[in-house]
Amino acid sequence: MLTSIRPDRDAVALAVSGLLGGLLLWLLGLHTQGGHPFSASWVTLVPLTAMAAAELLRRNAPRTALAVGTLALVADQFTRGSLATILMFTDVMYAAVLYGTPAAARRLPVATLLVTVASTIGFLAWFRKPEALLIGLVIGLVSFIPALTGVSVRSHRTAADAARLAAAQTARLAEMDRTQAVIAERARMARELHDMVAGHLSAVAIHSTAALSIDEPETSRNALKVIRENSVEGLTEMRRLIGLLREGGQDDAPAAAPTLAALDTLIEQTNANGAPGGLVCTLEDTRDPGADALPTPVELAAYRIVQESLTNALKHAAPGPVLVRLGRSGELLTVEVASVFGSRTGPTAPGSGAGLVGMRERVALLGGTFAAGAEPGGDGAKIWRVRAELPVREREMRE
């Protein structure tokens, strides 16, 4: 408690300077009035000292300081008066508005204005002389003007604090946006890396398992050939992605994003990789050749969905056909991949489930629909079907 009311350095400086100034005026015999009940010169020092004490409380206890200062100012009117006492009271009134409660800051200017007006009218009625207006002017200068100044300074400080708070909030929001952008970019990079490399690595895993499990030179030689081809292609895709992410790569021209026109090559590659597992992949494209070209994001998403679906078929599908079907109805592009669902007898590759998550995210970013799951097929077999519907028009896609 004692620490909370300890005067700060500015308050001590004002109190000491005011007290010393008042003592100097007292020694010089300079007073503001005369002919009052307590006309002894030394009595003037009592309200002067009380006002200096009020100055010490101007910031930490502004209400108490104002009460003590008001009593000291009233007492000063019954003495010969000191200009230092009056000047210190103006600072106490200013500090009471500036450092006091919001209620005090609202009420003190109104109260001092009413006191000024009432005092002016009262002295005019009492003295019946125009000079009485000067008394009202002095009261306004001592009370109302300091209170009004305190309100102005307090308003500016409040506005400055609000501006600083708004700037800090804006900075936090900008940092949150930057963090979200980084997270979104990392997710995009993860999807792109997974889609580009997972198929090649799955083929490498399947054929390397076959080469280790089947002790036939010709089979091992073919498996190693496929492993080498997929390793080279996987490294090429990795270098492409790294080249896109590298800063300052002025010598490397950006590679074009894959489109649905390259599905034939992807189908052939899948057939080569899936031959040991008994997979036969076919493409059924029912789109109108004369239709408008697809937007680049739709082309890329559709290609990656087919690519990832074929990679999953290499990992998990039972021997049998793998059908890739493309269709366009109105403003929707339909991508569907179906394979035989069941256990495999041949070599398999482990999966993490990230492929389905990536496909679902790609479709959601474009505002389409996605479904994947097993459903009944012919001869009691189950079919694993991946189906995505993508809006063709860019205005229908989410930003």
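**Entry 1: the whole chain**

I take contact to mean heavy atoms within 4.5 Å. I am working on a predicted model, in which local features need pLDDT of at least 70 and side-chain atom pairs count only at pLDDT 80 or more, while totals for chains, interfaces and linings use all residues. Residues are numbered from 1 along each chain as its sequence is written, and side-chain values use heavy atoms, with hydrogens and water left out.

I find 10 helices and five strands in the protein, where helices (H or I, at least four residues) and strands (E, at least two) are DSSP runs numbered from the N terminus. The accessible surface comes to about 22900 Å², and 63% of it belongs to carbon and sulfur atoms; the areas come from the Shrake-Rupley method with a 1.4 Å probe, and for residues only the protein chains shown count as cover. Of the 399 residues in the protein, 36% are buried, with buried meaning under 20% relative accessible area, exposed over 50%, and partly exposed in between (1.4 Å probe, protein chains only).

I checked the length of α3, residues 62-76, and its 15 residues reach 20 Å from the first C-alpha to the last, close to the 21 Å expected at 1.5 Å a residue; the expected span is 1.5 Å times one less than the number of residues. Which residues of α3 are buried? I list P62, A65, L66, G69, A72, L73 and D76. Seen down the axis of α3, these buried residues fall within an arc of 130 degrees, so they line one face of the helix, the arc being that of the directions from the helix axis to the C-beta atoms. The face of α3 turned away from this buried side carries the exposed residues R63 and L71.

For α9, residues 296-316, I note that its 21 residues should span 30 Å at 1.5 Å a residue, and that its end C-alpha atoms are 30 Å apart, which agrees. Since 18 of the 21 residues of α9 are buried, this helix is largely enclosed by the rest of the structure.

I then turned to S82, which is found in the loop between α3 and α4 (83-99) and counts as buried at 3% relative accessibility. A polar atom of the S82 side chain lies 3.3 Å from the backbone nitrogen of A84. Leaving aside neighbours within four places in sequence, S82 is in contact with G22, T32, T44, L48 and D76; D76 is also one of the buried residues of α3.

D91 has its place in helix α4 and is buried, with a relative accessible area of 16%. Not counting residues up to four places away in sequence, D91 touches L14, E55 and R58.

**Entry 4**

I count four aromatic pairs in the structure. Rings of Phe, Tyr and Trp (its six-membered ring) pair if their centres lie within 6.5 Å, and planes under 30 degrees apart count as stacked, over 60 as edge-to-face and the rest as tilted. F123 and W126 form a stacked pair, at 6.2 Å centre to centre and 20 degrees between the planes; both lie in helix α5 (residues 102-127), three residues apart, about one turn of the helix. The rings of F123 and F127 have their centres 5.9 Å apart and their planes at 10 degrees, so this pair is stacked, and F123 and F127 both lie in α5, four residues apart. F123, W126 and F127 form one aromatic cluster.

R128 is in the loop between α5 and α6 (132-213) and is exposed at 71% relative accessibility. I record a positive phi of about 55 degrees for R128, although it is not a glycine; most residues other than glycine have a negative phi.

**Entry 2: A338**

Last, I looked at A338 in strand β3 (residues 332-341), which counts as buried at 11% relative accessibility. The C-alpha atoms of A338 and A313, 25 residues apart along the chain, are separated by 8.7 Å. Leaving aside neighbours within four places in sequence, A338 is in contact with P321, V322, L323, I383, W384 and R385.

How values were computed:
A polar contact is a pair of N or O atoms within 3.5 Å; within protein, one must be able to donate a hydrogen and the other to accept it, and residues adjacent in sequence count only if both atoms are side-chain atoms.
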